Amino acid sequence: MRTHAQAVVIGGGVIGCSILYHLTKLGWSDVVLLERDELTSGSTWHAAANIHGLHDSTNISRIQHYTMNLYTELEAETGQSCGVFQPGSLYLAQTENREHQLRLQAAKAKFYGMNFHEVSREEAERLHPLVNYDGVRCIMFEPDGGNVDPSGVTHAYAAGARARGAEIHRFTPVMGTEAQADGSWIVRTPKGDIHTQWVVNAAGLWGREVAAMAGITLPLQPTEHQYFVTETIPEVAAMSQRLPSVADRDGEYYLRQEGQGLLIGAYEKDMRFWAEEGTPLDFAHELFADDLDRIEDNMMRAIDRVPAVGTAGIKRVINGPMIWSPDSNVLFGPHPDLTNYFCCNGIIPGFSQSGGMGLMSAQWMVEGESQYDMFAWDVARFGDWADKAFTKARVGDQYAKRFAIHFPNEERDAGRPVRTRPAHALQTTLGGVFGLNYGWEHVQWFADHPGAKDTNGFTRQNWFEPVGRECRMLRNTAGIIDISNFAKYRVCGGQAEAWLNAVFANKMPKAVGRSCLTPLIGVRGGIAGDFTVTRLAEEEFMIIGSGMAERYHQRFWKMVPMPAGVSFESLTEALCGFNVAGPKSRALLQRLTNTSLATEDFPFMRSKRIELAGVDCVALRVSFTGDLGWELHCNTEDQLRLYEALLDCAKDFDAGPVGARALMSLRVEKGYGSWSREYSPEYWPQEVGLAGLIKLDKDFLHKEAYLAIKDKDPRERLCIVEILAPDHADATGGEPIFDKAGAGVGRVTSGTYGYGVNKSLALCYLKNVTAGDELDVMILGKPHHAIVLPEAPFDPKGEKLRA
């Protein structure tokens, strides 16, 4: 066994073997995989191994299509059969909302050149004559859908990796992972130690245990999951072609052909957790006792849809473990608290995603960043607040609602609240309806009575009018927005300015009391973040950025060595904040402070330490609403006192509290981008309108990567469009956009109704269009007439902002 390696992959399931294979494809041959038992042990070997391409997320759809296409290439390359069956998949919609979801996916498929389209009932009956299509509103067909052989795929990855020089050691448990001072690792095994640059945790059911060896905790929880295979069904045996699989997600089961019978699986409401205190180390190829009574309701719905299931005997039942994250998505990427420790854990549709996840993992380790923005699946999206109780509650909810639609703006209650701030109770009495933001309860909108809940759907919901009242109030008078979820940092010391200039692309403010906006450049030259940096004192700076990206950005702070005497600390928990904005915001705030807020004394993009209603605050004259306003940051223990004072004073101005959904509408009216929507490492500065903030007469993080792309023409540009006939539904993000000739020209990143300008709006990335062009935005999967606007409809010249 090697004693040195570029990477050691822990876990010989399909994900670990895929990562190993893709590392070798990208040129790393000095890599090792360690498996405590036999390859495919754990959850890989008993998987149903269905494959499908479409997903609500565009980037996951790309990853899944890459995976589906890879299997036949892998067979040809290695000579190892992957057992690929691709008779297609039929997707059934029994409800209006499911129809909306499927039609939107079909529109995305058209835009990205993927094979997924609607078929008639007659065509569906030809494809799968055993299905009863009564009550089905629409039927989509994915010709490339199907299933693979779990063992064959895993061994094909392994064979491909070995052929390029990788070593695989079975029956070699890892006993320890020890970080070294230079960022490398020692991996300890009974057969000897390996000194490696990277450790990869792809340990599946044992992901928690492997993480604990490195001193970290991953929010993972296994469950039981059952499917069964029928005896031979005469109608299936008589078929001349293989039957497509059936995705009847409204029925909460999945179904496909297996041999001359059918395989039926379910995600039941009466679910079971497993191994809550840790996965047994001696578990390998075991299964649990059958418990079909728990999935009886799902089985009956399957029988109603495919009556032949009801006449068939059961050949075998598989009840085995799966391991889940709190949102059922993979925990992916380098762990932000460690150096060179990569996670790829908790993948549920493993055989749909194995190739793509392997490629993204290898790209990140070899090239420094994956080609697609993976922030929504980044392990950094969870912090220590995602504890055992939260994880268990969320996993239970995710399992039981596996086939439920994830609606735009949907907030699920399971496991909440986790973290609250002092104003939470008062916001509740004011009718606040909350969402989750990096563990924090954060007001989305204010109802006219406490205890109101969101309704969910693809069309306008019960919060549409209340959010409109909040927006109009702020635009006409003033509004008070809780911005405590923004990430806040303090950097101090004699070399603080020099360090910040080495991190950020813009030049840091020279004068005390001045602020600047600055991008953070990613490894490939894209936008890794956007920040406001304020000089509070000669040797003290305050940074404000995206709260949900705080751990993500932690990686970037570590990339630039910090000079001696410079301190960096997160103030996100220590400080809370409010944005008071609107045309009467100055008058409202002036009543509470002796500091002059007049423009000549407190101009736009300036800051001061002030006392407001007896509370010490850092006041910044900026506002994400695009209106006149101030951000006020105070100590957390003062938040409630400041909030009460602001609300009391607001009554005299017909002003009041405003939630996050209204802020979304207000910033889109102004054309402001937002992290993880308009800004991500996939987008170049010249595409998002931030190139003017990059100063090339200094060095900064990843400057060479930016220089490599700065003179390239934008592949697409951030634009704003107006939807002219919204039909009770606005864009929400992800909708493809076509020109009037039917060519795909872009996609929506943020969509909302602009109550201040009375327009349905969308921020989009578009190519080959100019202002005034007419387009079709595929809201609800159907074309909605839109026009490209020449500028943001609210205060395009910034006169209100600077008033």
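This is a predicted model: local features need pLDDT of at least 70, side-chain atom pairs count only at pLDDT 80 or more; totals for chains, interfaces and linings use all residues.

Reader: What makes helix H14 mostly covered?

Author: Six of the eight residues in H14 (residues 496–503) are buried. Those are Ala-496, Glu-497, Trp-499, Leu-500, Asn-501 and Val-503.

Reader: Which parts do the buried residues of H14 pack against?

Author: Quite a list: strands E22 (487–492), E23 (515–521), E24 (527–537), E25 (540–545) and E26 (567–570), plus helix H15 (550–557).

Reader: Why is Glu-497 called buried?

Author: Buried means under 20% relative accessible area. Glu-497 has 15%, so it counts as buried.

Reader: And what makes the contact between Lys-510 and Glu-497 a salt bridge?

Author: The cut-off is 4 Å from a side-chain nitrogen of Lys or Arg to a carboxyl oxygen of Asp or Glu. Here N to O is 2.8 Å, so the pair qualifies. Lys-510 sits in the loop between H14 and E23 while Glu-497 belongs to helix H14, so the pair ties together parts 13 residues apart in sequence. Lys-510 itself is at 64% relative accessible area, and exposed means over 50%, so Lys-510 is exposed.

Reader: Why do Arg-472 and Glu-465 count as a salt bridge?

Author: Their N to O distance is 3.9 Å, and the rule asks for within 4 Å, so they count. Arg-472 has 32% relative accessibility and is therefore partly exposed, between the 20% and 50% limits. Glu-465, at 44%, is partly exposed by that rule too.

Reader: How do you know that Glu-678 and Arg-667 are buried?

Author: Glu-678 has 0% relative accessibility, which is under 20%, so it is buried. Arg-667 has 2%, so it is buried as well. The two form a salt bridge, with the closest N and O atoms 2.9 Å apart. Glu-678 is in the loop between helix H18 (660–670) and helix H19 (685–688), and Arg-667 is in helix H18, eleven residues away.

Reader: How many salt bridges does the rule give?

Author: The count comes to 56.

Reader: One more: how do you know that the span of helix H17 agrees with what it should be?

Author: H17 (residues 639–650) has twelve residues, and at 1.5 Å a residue they should span 16 Å. The end C-alpha atoms are 16 Å apart, so the two agree. Among the buried residues of H17 are Leu-642, Tyr-643 and Cys-649.

How values were computed
Residues are numbered from 1 along each chain as its sequence is written. Side-chain values use heavy atoms; hydrogens and water are left out. Buried means under 20% relative accessible area, exposed over 50%, partly exposed in between (1.4 Å probe, protein chains only). Helices (H or I, at least four residues) and strands (E, at least two) are DSSP runs, numbered from the N terminus. Contact means heavy atoms within 4.5 Å. The expected span of a helix is 1.5 Å times one less than its number of residues.
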